Amino acid sequence: MTDQYFKHHVFFCTNQREDGAKCCGAAGGQRMRDYLKKKIKQADMNGEGKCRINTAGCMDRCDEGPVLVVYPEGVWYTYVDESDIDEIFEVHLKEGRVVERLRLR
C-alpha cells in the first residue's frame with residue numbers, strides 16, 4: 001500500500017448559484033456524484049486503499065462545467081451524462097488511464 005489513504009479521491013462540484021448563472025449544481029453535479037458513488041459501492045471499490053467520492057463547493061471552473069477532479073493525479077474532467085461518468089469510472093478509476101476526450105486542461 002502507498003502513503004495515500006485512497007487510491008482515487010474524486011471531488012464533484014455541486015455548487016448552486018442563486019443568481020441563475022451557469023453552475024455545476026444546475027448541470028446535475030449532485031445527481032452525477034450520487035450516481036458515481038453508487039457505482040463505486042456496487043463494485044466494492046469504496047473505502048481505504050480504494051476510492052472516495054466527495055461533494056465540493058465551487059471549484060472556480062463554472063464556464064467549463066460541470067466538473068469533477070480526480071486525485072492524487074489532479075485530473076480535471078467535464079461530463080454531460082451518465083455515459084461520461086461510466087467512462088471515467090471504467091477507464092480512469094478501474095484501469096488507471098486518463099479519459100482524454102473529457103479532460104480539462
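**Close-up views of salt bridges, cysteines and nonpolar cores**

Glu100 is partly exposed, with a relative accessibility of 44%; here, buried means under 20% relative accessible area, exposed over 50%, and partly exposed in between (1.4 Å probe, protein chains only). The model is predicted, so local features need a pLDDT of at least 70 and side-chain atom pairs count only at pLDDT 80 or more, while totals for chains, interfaces and linings use all residues. Residues are numbered from 1 along each chain as its sequence is written, and side-chain values use heavy atoms, with hydrogens and water left out.

**View A. Glu100 and its partner Arg103.** These two residues form a salt bridge whose closest N and O atoms are 3.5 Å apart. A salt bridge is a side-chain nitrogen of Lys or Arg within 4 Å of a carboxyl oxygen of Asp or Glu. Arg103 is partly exposed, at 28% relative accessibility. By this rule, the count is 11 salt bridges.

**View B. The salt bridge between Arg101 and Glu87.** The closest N and O atoms of this pair lie 2.7 Å apart. The bridge links distant parts of the chain, 14 residues apart: Arg101 belongs to the loop between α2 and β5 (103–104), and Glu87 to helix α2. Helices (H or I, at least four residues) and strands (E, at least two) are DSSP runs, numbered from the N terminus. Arg101 is exposed, at 54%, whereas Glu87 is partly exposed, at 25%. Both residues join Asp84 in a network of salt bridges.

**View C. The salt bridge between Arg33 and Asp34.** The N to O distance is 2.8 Å. Arg33 is buried, with a relative accessible area of 14%, whereas Asp34 is partly exposed, at 36%.

**View D. Cysteines and the search for disulfides.** A disulfide is a pair of cysteine sulfur atoms within 2.5 Å, and the whole structure contains 0. The sulfur of Cys24 has its closest cysteine sulfur in Cys13, and because they are 3.6 Å apart, they are too far for a bond. For Cys51, the closest cysteine sulfur is also in Cys13, at 20 Å. Cys24 is buried, with a relative accessible area of 2%, and Cys51 is buried at 4%.

**View E. The largest nonpolar core.** A nonpolar core is a set of buried Ala, Val, Leu, Ile, Met, Phe, Trp, Tyr and Cys residues joined through side-chain atoms within 4.5 Å. This one has 20 residues; Val10, Phe12 and Leu68 are among those with the most contacts inside it. The largest share, 5 residues, comes from α2.
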